[in-house]
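Me: I am new to this structure. Please take a close look at a single part and describe how that part is put together.

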Amino acid sequence: MAASAATKSLLRLSSTSPDIFPLLPSAASSSTLCLSFRSCSIETCFLGIHLANPACSKIPALRTRSTGRGLRIEAVARPTILVAEKLGEAGLGLLREFANVDCSYNLSPEELCVKISLCDALIVRSGTKVTQEVFEASKGRLKVVGRAGVGIDNVDLQAATESGCLVVNAPTANTVAAAEHGIALLTAMARNVAQADASMKAGKWQRNKYVGVSLVGKTLAVMGFGKVGSEVARRARGLGMHVIAHDPYAPADRARAIGVDLVSFDEAISTADFISLHMPLTPTTAKIFNDETFAKLKKGVRIINVARGGVIDEDALVRALDNGTVAQAALDVFTVEPPPKDSKLVIHENVIVTPHLGASTVEAQEGVAVEIAEAVIGALKGELAATAVNAPMVPAEVLSELASYVILAEKLGRLAVQLVAGGSGIKGVKVVYTSARDPDDLDTRILRAMITKGIIEPISSVFVNIVNADYTAKQRGLRICEERIFRDTSPEIPLDSIQIHLSNVESKFASALSDAGDITVEGRVKDGIPRLTLVGSFSVDVSLEGNVILCRNTDQPGNIGRVGRILGEQNVNISFMSVGRTAPRKQAIMAIGVDEEPNKETLRKIGETPTIEEFVFLKL
């Protein structure tokens, strides 16, 4: 509010309340108006200000502070939000009610760095890179970055966290739009809509050339049964298709409720007539559809991808199209966007392409705008954001004391999920803490969050922390319960051990199953180093770093040497080794830490060692 307007409004108010006098803001702090009074009520002052000068209604908050001359009211300046890419009007309307909004599109990196020092929040889509330089240029003023959409590859999360900036996204609003686009591509591909349209516009009439295929009775494999995948499955069943799905961590009961069978990866790709991709892009899924995968497909299969371009090896797909393994493909996403103009995949006659339109409906765009606006406003108000993707809000003293246990918790979760065999999904997680402390003196929120992070992140593109851990777990049907057991140790040590139990799951390493049938792992912190101390019913002592090979073998001389020789011949360096056994000459678990990831041939040789009954390789 301008100083002159403030003066007039306060003078009008002071005619009825002579004890009020204005404290005019200086030029250096013109965004804050200060008032002081001695005898009038706070309600009178607030009412008088707003009636006398309607411009003051734009001020979102008034602070009161005691001074030697009475009570001081400070009208706090509205925050400034920079919207760097187009946003729906519904979202902009919400933002403008709360803050000053600067809509500046197509900024160069240099222009963004200049503007950002004057902004409290930044909203982007996928086109603006929010780099470390941007956070440095903000000089600590930037409090929130909102990504209007799901993926946050264009935001430097590490730099955001280091600068104390919260990052939020809008993960739910475009679910239906993406699913509908997947179905649109499915039907258009089956009936050659794009090719026939181009042919007619070229003056041709080629009815015989563009004979399509029916969807009724055909098998659709949905690869990734999350929000979008499950919505595609619902719609495909409405088209009369038989739907199967692969997602090792999807709840089987949710799939059954839709009428979908969860199957293994190989069964899905080898039996499907159509394959629709809805998996996140992670190190595990990158180029998962490659030459080796395409060789397992049913000849003449048709592929749809509205997820992430990087899950397909595009050169391998071109080869599969050329040799007839894949009859057609319909693609909305690409490894590089936009793809090169001379891309063999884009110009292939049996491929339909769209320029990443999955979320491009009027309704979805408005929904994303509202969702991100609400998240940014809430974050600026200091509220916990369910869609936050960084910056766990934990008191510094708690974080300092639990630092080693935070690492232990995440790595135990990461290890446990790698022991799960695909197909059954994770039903429930129980975490057991042993400690000498009173429960009220042990804040385990961050530990639960990091266990959730360890379980979910290896198989998802979602970033998990204490802010969104419970929300993320609930969205994926993951039920986490905690139990505390008193153990008479030193109360100076916050925790004696952390144990994770995954119930009602199949294990790819049978020895990890406890007597109760749960996958069980336990860890402790020793001399500040997180260590694995229990697998199933076997005691071990393994440093949780790098990679680990777990082997169950007959306890007899020579086992260590045999496995060590195989690794040595392949130049795989062993960092540590531990053996846990039930009794001499009976069953034993050998845990071997390795610096490098062994290749398939090395792992095959380990598995063929006569005394090795089972083994598993784990990335930590």
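Reply: V431 stands opposite I500 in β19. Seven bridges join strand β17 (residues 428-435) to strand β19 (residues 497-503), and the two run antiparallel. Strands here are DSSP E runs of at least two residues, helices are H or I runs of at least four, and both are numbered from the N terminus. Two strands count as paired if DSSP finds at least two bridges between them.

This is a predicted model, in which local features need pLDDT of at least 70 and side-chain atom pairs count only at pLDDT 80 or more, while totals for chains, interfaces and linings use all residues. Residues are numbered from 1 along each chain as its sequence is written, and side-chain values use heavy atoms, with hydrogens and water left out.

Both strands belong to an open sheet of six strands with mixed pairing, in the order β18-β17-β19-β20-β21-β22. Its edge strands, β18 (479-486) and β22 (538-543), each pair on one side only. On average, neighbouring strands of the sheet are turned by 20° against each other, direction ignored.

Helix α16 (residues 403-418) packs on this sheet and touches β19, β20 (519-526) and β21 (529-535); contact means heavy atoms within 4.5 Å. The direction of α16 makes about 155° with that of β20. Axes are lines fitted to C-alpha atoms, for helices over the stretch in contact, and angles run from 0 to 180 degrees between N-to-C directions. Helix α17 (residues 445-456) also packs on the sheet, touching β17, β18 and β19. The direction of α17 makes about 140° with that of β17.
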